[in-house]
Each structure stands twice: as structure tokens, then as C-alpha cells.
Amino acid sequence: GNPNFGIFVQNAEELIATVGPVWVEPLTGIGNEEPFFWATDDRVADESRYWNDLYLGQWVDAGKLVINVDYVTQKANIDEVYRLGKEKGYVPLAIGDKLLDKLIFNEGHEPD
């Protein structure tokens with residue numbers, strides 16, 4: 001009953017297609033790691049990007065939040081993560097360390 005509470009799944013983007021909308025309905029959204037870059041700064045293959053885009057696009061179309069998390073350290077890659085994420089309707093997050101032990105704000109991409 002709390003409107004500020006959300007339920008997210010992690011890295012299960014294909015379940016929207018395999019299990020269906022009934023499974024997705026009660027969820028707030030999905031967190032997806034490495035849709036654009038493997039840790040650290042290695043570009044994800046075009047085929048993997050295709051499937052990520054296909055499934056995550058279905059989440060966006062269903063009105064769910066999609067948080068993309070990419071582990072990048074190079075400025076050009078950080079900028080690409082934010083640009084692509086926003087173009088696709090995601091909430092982009094670029095983190096340089098997979099330990100996830102600190103919150104990092106990338107210059108030019110500070111949260112609203």
C-alpha cells in the first residue's frame with residue numbers, strides 16, 4: 001500500500017516474453033546489468049545487444065522502469081551508456097566498480 005515502495009527483478013529481462021505479462025504486472029521494473037558494456041569497458045556483442053533491446057523494450061512498452069547498469073570507466077563509454085539508456089527509455093547508471101560499494105555521480109550525468 002506504500003506508493004513509494006517498488007519491486008524490481010534483476011537480470012531476468014526475457015521472462016516478460018517467456019512467462020508473460022501476468023508475471024510482470026505487479027512489478028515496478030527491472031534492473032539489468034551490462035546491456036551495453038561488459039565489465040569493464042568491453043562492448044557487448046551486437047547479438048547480445050539485440051536481445052537486450054528486444055526484451056527490455058517490452059518492459060518499457062509495459063510501462064515498467066528499466067534501470068540499466070553498466071560497469072564502465074572510460075568517459076566515452078560512460079557518455080554512451082547514458083545516451084543509449086535515455087534513447088531507449090531506460091534509467092541509465094554507469095558504475096566503474098562491480099563491488100557496488102559506493103555511489104558514483106558521473107560528470108555531466110548527475111541525477112535530476
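Trainee: Why does Trp51 count as partly exposed?

Mentor: This is a predicted model, and in it Trp51 has a relative accessibility of 37%. Buried requires under 20% and exposed over 50%, so Trp51 at 37% is partly exposed. Tyr50, with 48%, is likewise counted as partly exposed.

Trainee: What makes the pair of Tyr50 and Trp51 edge-to-face?

Mentor: The ring centres of Tyr50 and Trp51 lie 5.0 Å apart, and the limit for a pair is 6.5 Å. Their planes stand at 80°, and angles over 60 degrees count as edge-to-face, so the pair carries that name. Ring pairs also join Tyr50 and Trp51 with Tyr55 in a cluster.

Trainee: How many aromatic pairs does the rule give?

Mentor: The count is four aromatic pairs. One of them is formed by Phe36 and Tyr90.

Trainee: Why is the pair of Phe36 and Tyr90 called stacked?

Mentor: The centres are 6.3 Å apart, with 20° between the planes.

Trainee: How do you know whether Phe36 and Tyr90 are buried or exposed?

Mentor: Phe36 has 1% relative accessibility and Tyr90 has a relative accessible area of 6%. Because buried means under 20%, Phe36 is buried, and so is Tyr90.

Trainee: How do you know that the charged end of Arg49 sits over the ring of Phe37?

Mentor: The distance from the charged end of Arg49 to the ring centre of Phe37 is 5.6 Å, and the limit is 6 Å. The rule also asks for a position within 35 degrees of the ring normal, and Arg49 is listed as sitting over the ring of Phe37.

Trainee: What makes strand 5 mostly covered?

Mentor: Five of the seven residues in strand 5 (residues 65-71) are buried.

Trainee: How do you know that strand 5 pairs with strand 6?

Mentor: Two strands pair if at least two bridges are found between them; strand 5 and strand 6 have five, in the parallel sense, so they pair. Within strand 6, Pro92 is the bridge partner of Asn68. Strand 2 and strand 5 also run parallel, joined by five bridges.

Notes: Residues are numbered from 1 along each chain as its sequence is written. This is a predicted model: local features need pLDDT of at least 70, side-chain atom pairs count only at pLDDT 80 or more; totals for chains, interfaces and linings use all residues. Side-chain values use heavy atoms; hydrogens and water are left out. Rings of Phe, Tyr and Trp (its six-membered ring) pair if their centres lie within 6.5 Å; planes under 30 degrees apart count as stacked, over 60 as edge-to-face and the rest as tilted. Buried means under 20% relative accessible area, exposed over 50%, partly exposed in between (1.4 Å probe, protein chains only). Helices (H or I, at least four residues) and strands (E, at least two) are DSSP runs, numbered from the N terminus.
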